Amino acid sequence: MVATSPVIGWLEPLLRHAVWFGFFLFLAPAVGPRGYGSFALGFAGIAMLETAIGDSVAAALLGLPALHRAHLSSALTSALAIGGALTLALAGFARSAGAMLDDAAFADIFGSLTMLPLLAGVAAVPAAQLRRAGRAVPPLAAETAGAVAGGAAGLALAWAGAGAWSLAAQIVVQRFVACAGLWLAASQPVGLGWSRRHCGELLAALDWRGVPLDMVRYVPCLAAGLALGPTAAGLCLLALRLAAAVSELARAAAPRSPQSSPAGAAAAGAAAMLAAMVAAALLPVTLPPLLDPPWWGAILPAQALLLAAAVPLALDVVQQRLDRRPRGRDAYPLAAAAAGAAAAGAAAPFGLAAIAAAASAAPLIVAATALPGIVRRLGHDGRTAWRGAARPWLAAAAGGSLGFAAADPMARLLDPLPACCLLAAAAWLCFLVVAGAAPEPLAASRRHGPQPGLARADRRVPLLLK
């Protein structure tokens, strides 16, 4: 797997989520939660297939030690065949889906989205080429251009009265523009062709364990829509995007440092946990001034998702600071994805907060399965390291709890912007005061002497956002 530039690592999720939320603020009043829910019901199921095809093709191409033109042509032909077959099958199912839900507009939305699996497979080939060549800027530029073009198209159609169909047009235009940009920037031309031997090598290089967890993130939205209706699906879609934005940015703000000491890794994980908890506390302060009252129902599920993801997020950051493996892809077992999907489906009749809490079963299982590996990599100082890690993690819990306790009084006394700044500063100050400096057994073990690779910066609590 090719490493990603640290700058691109945080710039890519920042641009992606900022562009989406910026257009959402303009589209939300025109479309409303029910319109977004109708779109989410059609998009969630298709997005699972889109993710499965695109991620599988990209993972197979990136997993090969040596990539030849026959691999690219075989991957492209296979993606076109599978994506085309799925597109035709979904197009035939569109009218039946509209009749089942008794919504004629849903059939048009669903039919417009049926080409997404085909576009995902086609875009995965040039994206893998660019990543293997170490060119991180062209994919970022293509995705940003697609998001801007799609958002502009959706905004124009929404204010023209197209309703929920404008969201389908937004995502289709976004995928088309991004796919075209990736092919224009591809480093090697690819034609149609198929080789049984090279296709077998692609299948052998594919790691299937990362794909199911990428797919399962759409299950809560689908479960909410089928059990509670389109409005609940729209609110769940917003909650999922907010939680995903905070989690991805917190991971990106903690850069990979394989030579980090256990103290530095524990402090970085605590800072990521603090970020998730503070973001959850700030949601009731920041969202009401930005969104209409019908959207306020997404605040509680988003808080539940962020709080449940705090500990798994912290352990993921610790793991990426302690080893050299690609971030997260090989740590997600199929059992975690199945547990998250089943739990979200079972909790659907009990409301959005229950769905959000149940959907967190997947990352919690991942966190539990990652603990033994982290302890093994800490070696003979593992017990000492975990005792020292308790202090920054307790400090993160204290800072997050302070944010929750002060959120309501601050929101009543101050305007949203100064209230957010004051709450974030108070939580961070509490974290710094409680965490303090790294204890002596972490900085240098009395029994085993100084640890190799321990830098002075690792003995300090890292900044939350760099």
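Leu11 is partly exposed, with a relative accessible area of 24%; partly exposed lies between buried, under 20% relative accessible area, and exposed, over 50% (1.4 Å probe, protein chains only). The model is predicted, so local features need pLDDT of at least 70 and side-chain atom pairs count only at pLDDT 80 or more, while totals for chains, interfaces and linings use all residues. Residues are numbered from 1 along each chain as its sequence is written, and side-chain values use heavy atoms, with hydrogens and water left out.

**Overall make-up**
- The protein has 18 helices and zero strands; these are DSSP runs numbered from the N terminus, with helices being H or I of at least four residues and strands E of at least two.
- Of the 466 residues in the protein, 50% are buried.
- Among contacts with a separation of 6 or more, 84% are between residues 24 or more positions apart; contact means heavy atoms within 4.5 Å.

**Leu11 and Ser74**
- Leu11 lies in helix α1, residues 6-63.
- The C-alpha atoms of Leu11 and Ala252 are separated by 8.5 Å, and the two residues are 241 apart along the chain.
- Ser74 belongs to helix α2, residues 69-100.
- Ser74 has 0% relative accessibility and therefore counts as buried.
- Leaving out residues up to four places away in sequence, Ser74 touches Gly193, Trp194, Ser195, His198, Cys199 and Leu202.

**Packing of α4 with α6**
- Helix α4 (residues 116-132) packs with helix α6 (residues 165-185) at an angle of about 30°, and their axes are 9 Å apart.
- This angle makes α4 roughly parallel to α6; angles under 35 degrees count as roughly parallel, over 145 as roughly antiparallel, 65 to 115 as roughly perpendicular and the rest as oblique.
- Axes are lines fitted to C-alpha atoms, for helices over the stretch in contact, and angles run from 0 to 180 degrees between N-to-C directions.
- From α4, the residues Leu116, Leu119, Val122, Ala123, Pro126, Ala127 and Leu130 meet Ile171, Val172, Arg175, Phe176, Cys179, Leu182, Trp183 and Ala185 of α6.
- By class, this contact of α4 with α6 has 14 nonpolar, no polar and one charged residues; Ala, Val, Leu, Ile, Met, Phe, Trp, Tyr, Cys and Pro count as nonpolar, Asp, Glu, Lys and Arg as charged, and the others, Gly among them, as polar.

**Buried side of α14**
- In helix α14 (residues 352-359), the buried residues are Leu352, Ile355, Ala356, Ala358 and Ala359.
- These residues are on the same side of α14 because they cover an arc of only 165° around the axis; the arc is that of the directions from the helix axis to the C-beta atoms.
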